[in-house]
Amino acid sequence: MSAPAKAIVTAGLRPELFDEDGVRFYSRRLLAFTLAALVIIGFGFRVAGSSAEGLSDDELNKLSAVADYRTHGLTSINSEHPLLMKALLTISLISAEKWNATALVAAHPETLRVPVESALRLPNILLGAFTALLIYLLVAELFGVEAALIAAALWAFDPSAIGFNRIVKEDTPLLFFFLLANIFWLRGQRAAESGSPRPERYYWATAAAFGAMLASKYVPVLLAVSFSYYYIFQDIKSVRWRLGKRRILIFLLVMGAAFLICNPTILLPGTWRQMLAFAKGQRVGHDSYEFMGTLYPHKMLDWLNGVPWYFYYVFIAIKLPLLTLLAFLVGLPLLLRRKLGEGRFFLFFWILFAYFPFTLVGSKFTRYFTVSLPIVLITAALGLQFASGYIARWSAALLTNERVKPYARAGLILLVIFSSAWASARSAPHYRLYSNLLGGERARVGDYFPHDEFYDSSVRDAMFEIARRARPAARVASETPNLAAYYAQQANRPDLMCVSLSDAAALKEMSAGDFVIAARGRRYFSNEALINKLRQLSAPAFSVKLGEVPSIDVYVLDEAAMSLPEFLRPMK
């Protein structure tokens with residue numbers, strides 16, 4: 001390192017903002033503008049058309065929990081999951097109701113009214129958009145500004161990241177507070193190593209963020225990422241980043257206090273009963289999961305007998321935009337190079353504790369990959385940084401002109417980022433349906449992870465059409481009876497009786513003229529035979545599409561269908 005650069009580091013400034021001669025090559029104003037643009041454009045992708053898809057069964061559970069809180073105060077409803085996200089949902093829904101009651105919205109209801117679906121999804125949309133900023137701050141600590149900007153841009157525009165942020169599940173706030181905690185953690189390391197007199201402020205901020213993380217989703221294993229990274233330095237005598245027993249005790253107390261503030265329902269006995277039932281698998285609503293056309297057992301403790309271990313590897317291969325995938329493959333071997341620095345060890349622990357355990361358990365959903373997706377995008381950013389440097393040198397040598405270097409470098413980086421944004425723009429507003437060329441693109445949409453790709457999005461449209469056609473008090477059988485009943489109410493048909501397609505007793509109460517909803521992603525061991533028989537007997541009364549993709553077939557039972565064993569009532 002040159003003398004000017006050493007002086008800069010000694011002064012406590014960020015060395016990655018400077019070249020090897022100590023000359024700053026990033027404008028702070030331009031940097032701030034770029035980050036703001038990434039957050040704003042990323043928010044635009046996430047919020048536009050956020051009500052284009054109906055609620056899922058999981059999302060309805062959150063809406064029901066919010067309604068219960070507003071009626072009865074804090075209760076243990078849906079308390080197998082922590083409170084923090086549901087508190088944000090409550091604020092969002094109340095705010096939307098107040099906005100919808102204004103005179104301005106009354107004058108322009110079609111354009112200004114905020115639907116329930118959008119209001120419910122808004123907190124995660126906001127957190128997901130600002131996650132790009134957190135990724136920048138984290139990666140800047142680990143690998144420098146350029147890699148950080150690339151990683152932030154890839155997150156802002158990645159179709160899977162956008163899709164995960166548009167569903168009302170705990171994984172988005174879990175990732176947000178995990179990243180926030182580790183930004184403080186790494187800045188605490190930098191403060192301690194530079195001799196700052198007050199590194200403790202970063203330690204306590206880390207603890208508070210970890211408390212909020214656990215109040216978002218009960219995944220304490222993520223704490224091991226940060227503490228493992230901390231402990232690998234403790235045998236180095238020159239290291240100043242040492243908490244000691246007293247500070248660790250205070251750290252745990254601050255984390256516990258933040259957790260209780262954000263999740264007071266943990267003190268209710270009913271919460272512990274629901275958490276125990278969830279841990280035993282008693283809250284799992286269905287017996288299987290469809291992956292690449294095959295049904296697999298779907299309990300957490302099924303381990304390797306459940307959903308295959310390569311589930312998330314397939315997801316990476318077909319859900320990343322192709323150029324991002326290539327950059328990721330270039331970046332993987334770079335993680336083994338010492339030249340990359342100590343930041344790679346943080347990624348190693350992130351992979352070890354946040355990714356590998358989920359490949360082994362029997363129960364898998366693509367949304368569980370939310371907390372691991374930044375690993376892939378950061379690795380892709382490192383690969384793109386390396387490849388762009390190589391292309392720049394090659395271009396300069398080919399054209400015998402050093403001036404082309406920055407243009408060749410920027411051109412490749414912008415090409416990859418633009419390809420991700422283009423992939424998202426083409427798949428909007430149904431981002432979860434995106435597949436790259438390896439996944440067959442639009443020809444194979446929904447063939448790999450149908451439950452997570454469709455996510456009950458078309459039940460709303462199916463129920464509105466059923467409500468238009470159905471006779472009074474007709475029965476509607478589906479795998480999401482509560483969701484069907486909710487949208488029946490929205491269609492002013494509370495008389496419709498919604499039952500479970502896997503409930504044998506309920507099926508025997510059905511009669512000719514009743515409806516069966518066969519939704520893609522809701523095929524299970526319990527209903528597969530019946531759905532196959534219905535398809536052999538007759539064509540659907542109507543079908544529903546999610547965008548351009550068939551998502552639901554609706555059957556009206558006739559006399560032939562009523563002769564099936566599933567509908568025959570026992571002789572009295």
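Predicted model: local features only at pLDDT ≥ 70, side-chain atom pairs only at ≥ 80, totals over all residues.

Reader: Which residues line the largest cavity?

Author: Its lining includes Pro159, Ser160, Gly163 and Phe164, and it also includes Phe315, Lys319, Tyr431, Arg432, Asp452 and Glu453. The elements that contribute two or more residues to this lining are α9 (159-165), α15 (311-319) and α21 (450-454).

Reader: And which element gives the most to that lining?

Author: That is α9, which gives four residues to the lining of the largest cavity.

Reader: How do the residues of that lining divide into nonpolar, polar and charged?

Author: In the largest cavity, the lining has five nonpolar, three polar and four charged residues. For the second largest cavity, which has a volume of about 60 Å³, the lining divides into six nonpolar, no polar and two charged residues.

Reader: Which residues line the second largest cavity?

Author: The second largest cavity is lined by Asp171, Leu174, Lys217, Val219, Leu222, Phe358, Tyr368 and Val371.

Reader: Switching to strands, what is the order in the open sheet of five strands?

Author: Reading across the open sheet, the order is β4-β3-β5-β7-β6, and the pairing is mixed. The edges are taken by β4 (497-500) and β6 (542-546), each of which has a single partner strand, so one side of each is left without a neighbour in the sheet. On average, and with direction ignored, neighbouring strands of this sheet are turned by 25 degrees against each other.

Reader: Are β3 and β5 parallel or antiparallel?

Author: Strand β3 (residues 475-478) pairs with strand β5 (residues 515-519) in the parallel sense, over two bridges. Val476 has Phe515 of β5 standing opposite.

Reader: Which strands does helix α22 lie across?

Author: Helix α22 (residues 459-469) lies across β3, β4, β5, β6 and β7 (549-556), and its direction is at about 155 degrees to β6. Helix α23 (residues 481-490), for its part, lies across β3 and β4 and runs at about 165 degrees to β4.

Reader: Now helix against helix: at roughly what angle do the axes of α7 and α17 cross?

Author: The axes of helix α7 (residues 116-143) and helix α17 (residues 343-354) cross at roughly 125 degrees, and they come within 7 Å. That angle makes α7 oblique to α17.

Reader: Which residues meet there, between α7 and α17?

Author: From α7, Leu138, Leu142 and Phe143 meet Gly343, Arg344, Phe346, Leu347 and Trp350 of α17. Sorted by class, this contact has six nonpolar residues, one polar and one charged.

Reader: Last topic, the backbone: is the peptide bond from Ala428 to Pro429 cis or trans?

Author: The bond from Ala428 to Pro429 is cis, with omega near 0 degrees, and Pro429 is found in the loop between α20 (405-427) and α21.

Reader: What about the phi of Trp303?

Author: Trp303 has a positive phi of about 50 degrees, although it is not a glycine. This residue, Trp303, is placed in the loop between β2 (294-297) and α15.

Note on methods. Residues numbered from 1 in each chain as written. Heavy atoms only, no water. 1 Å grid on protein atoms, 1.4 Å probe; cavity = no way out; pocket = protein on both sides within 12 Å on 5 of 7 lines; lining within 4 Å. Nonpolar A, V, L, I, M, F, W, Y, C, P; charged D, E, K, R; others polar. Points joined across faces, edges and corners; volume = space filled by probe spheres on them. Pairing = 2+ DSSP bridges. Axes fitted to C-alpha atoms, helices over the stretch in contact; angles between N-to-C directions. Contact = heavy atoms within 4.5 Å. Parallel < 35°, antiparallel > 145°, perpendicular 65-115°, else oblique.
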